[in-house]
Amino acid sequence: MTRDDVKPRLLGHWGTTPGLNFLYAHLNRAIAQREQSTVYVTGPGHGGPGLVANAYLDGTYSETYPDITQDVEGLRRLFRQFSFPGGIPSHVAPETPGSIHEGGELGYALSHAYGAAFDNPDLLVVAVVGDGEAETGALATSWHSNKFLNPAHDGVVLPILHLNGYKIANPTVLARIPEDELRALMIGYGYRPYFFEVPDTSGPGGATDHADAHRRFAVLLDEVLDEIAAIKSRTDDEDRPAWPMIVFRTPKGWTGPAYIDGKKTTGSWRAHQVPLASARDTPEHLQVLADWLASYRADELFDADGKLDPRIAALAPEGQLRMSDNPHTNGGLLLKDLRLPDFRTFAVDVPAPGATVAEATRVLGQWLTEVIRLNPDNFRIFGPDETASNRLQSVFDVTDKQWDAEFLSPRSTNIWRGRAGWSRCSPNISARAGWRGTC
């Protein structure tokens with residue numbers, strides 16, 4: 001390797017990418033075995049290199065962009081377009097196969113994941129939440145989306161809190177509180193947390209047992225997916241389930257250079273972005289980069305023409321079971337045109353200035369009521385608090401509310417739960433509405 005092989009400026013975020021790759025590989029194994037339709041939402045969207053790479057390795061990227069071929073020239077084009085004018089962004093972007101969540105504007109991973117799961121009962125949405133992102137108000141609030149999830153009629157969200165300990169230059173809060181406190185927080189949100197840790201062995205003489213880490217996580221993932229399947233099978237359960245989630249603790253920049261210029265890199269904030277952005281500057285840095293890249297033994301994974309070893313390629317799911325090819329991530333494949341009423345029939349007559357008393361949003365609510373009536377199976381309003389405040393409450397003439405937390409009987413303080421509660425509270429519930437009610 002010479003300095004001419006290295007871009008003048010290296011861009012991107014390395015710290016989160018190893019964890020995203022690790023999870024992607026394990027989900028591929030589980031998806032192939034279980035034939036489970038799965039969407040992968042990555043809150044730390046600046047881990048875009050990992051998602052682009054995995055879409056390339058399972059073939060979807062080349063199918064979507066035929067000029068990015070499965071050979072040395074295709075690899076060259078893939079690398080050169082990354083974070084380059086006229087190329088692709090360094091974040092997970094709309095043009096990344098399998099992406100519905102950009103991730104650069106942190107805080108919305110869980111809300112997007114739950115949005116994808118609603119009304120898709122056979123879909124599993126795995127949502128990786130970065131521990132820096134977890135400190136945002138939007139993300140902290142969206143943990144509560146499980147109170148709106150109906151096990152019978154909606155899909156499942158599996159949150160994975162990726163604790164690698166640091167933001168760009170600071171520690172993260174959830175990585176620095178005691179495990180019991182973090183467990184209590186997740187239980188308080190209504191989840192059943194599972195903990196997994198890869199210890200930081202990047203110090204002198206340390207070596208991670210990668211095979212052991214993979215074995216342990218494979219066992220854990222199967223346990224979690226079995227629990228989800230059991231919850232989905234309990235159609236007569238009247239209590240809101242505690243859905244599983246995983247706390248996934250790995251060193252930041254795992255498998256990267258342990259030290260650069262004598263300073264700890266892997267397992268520290270220095271691994272957040274590209275740890276060797278100055279690889280061209282000195283022979284020593286260039287050698288660190290060469291040794292780092294060689295540690296992945298690419299010669300064992302690709303043939304001389306740059307094509308992935310077929311035995312490795314066969315480990316990924318096939319067709320639309322690939323997370324990068326899931327039809328739920330391409331709205332154009334599943335999109336249904338809405339039947340929209342003519343808005344002009346809802347116009348307010350104003351014969352003279354100031355002669356009519358009307359509210360714009362109340363009229364909007366009447367129009368939306370008709371939208372719901374015309375599209376009972378593919379239109380949903382999500383307004384956990386402000387539907388009535390915004391004068392849209394006429395929609396409840398044609399649809400019920402959905403709620404899966406505790407609620408009170410309208411005639412007493414007794415707490416009713418589950419489907420029995422809904423049937424007592426709103427006897428006119430349709431079969432499709434499931435747990436929706438008007439309490």
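The model is predicted, so local features need pLDDT of at least 70 and side-chain atom pairs count only at pLDDT 80 or more, while totals for chains, interfaces and linings use all residues. Residues are numbered from 1 along each chain as its sequence is written, and side-chain values use heavy atoms, with hydrogens and water left out.

**Helix α1 against helix α8**

- Let's start with α1 (residues 17–34) and α8 (residues 210–233): their axes come within 10 Å and cross at roughly 50°.
- That angle makes α1 oblique to α8 (under 35 degrees is roughly parallel, over 145 roughly antiparallel, 65 to 115 roughly perpendicular, and the rest oblique).
- On the α1 side, the contact (heavy atoms within 4.5 Å) includes F22, L23 and H26; on the α8 side, F217 and D226 are among the residues taking part.
- Sorted by class, the residues of this contact are nine nonpolar, two polar and four charged (Ala, Val, Leu, Ile, Met, Phe, Trp, Tyr, Cys and Pro are nonpolar, Asp, Glu, Lys and Arg charged, and the others, Gly among them, polar).

**Helix α1 against helix α2**

- α1 also packs with α2 (residues 48–57), at an angle of about 35° and with the axes 8 Å apart.
- T17, L20, N21 and Y24 of α1 meet P49, G50, L51 and N54 of α2.
- This contact of α1 with α2 has four nonpolar, four polar and no charged residues.

**The nonpolar core**

- The largest nonpolar core has 62 residues, and Y40, V125 and F217 touch the most other members (such a core is a set of buried Ala, Val, Leu, Ile, Met, Phe, Trp, Tyr and Cys residues joined through side-chain atoms within 4.5 Å).
- α8 gives the most to this core, with eight residues.

- H210 lies in α8 and counts as partly exposed, at 36% relative accessibility (buried is under 20% relative accessible area, exposed over 50%, partly exposed in between, with a 1.4 Å probe and protein chains only).
- Beyond its neighbours within four places in sequence, H210 is in contact with W254 and T255.
- H210 and T255 are 45 residues apart along the chain, with their C-alpha atoms separated by 9.8 Å.

Notes: Axes fitted to C-alpha atoms, helices over the stretch in contact; angles between N-to-C directions. Helix = DSSP H or I, 4+ residues; strand = E, 2+ residues; numbered from the N terminus.
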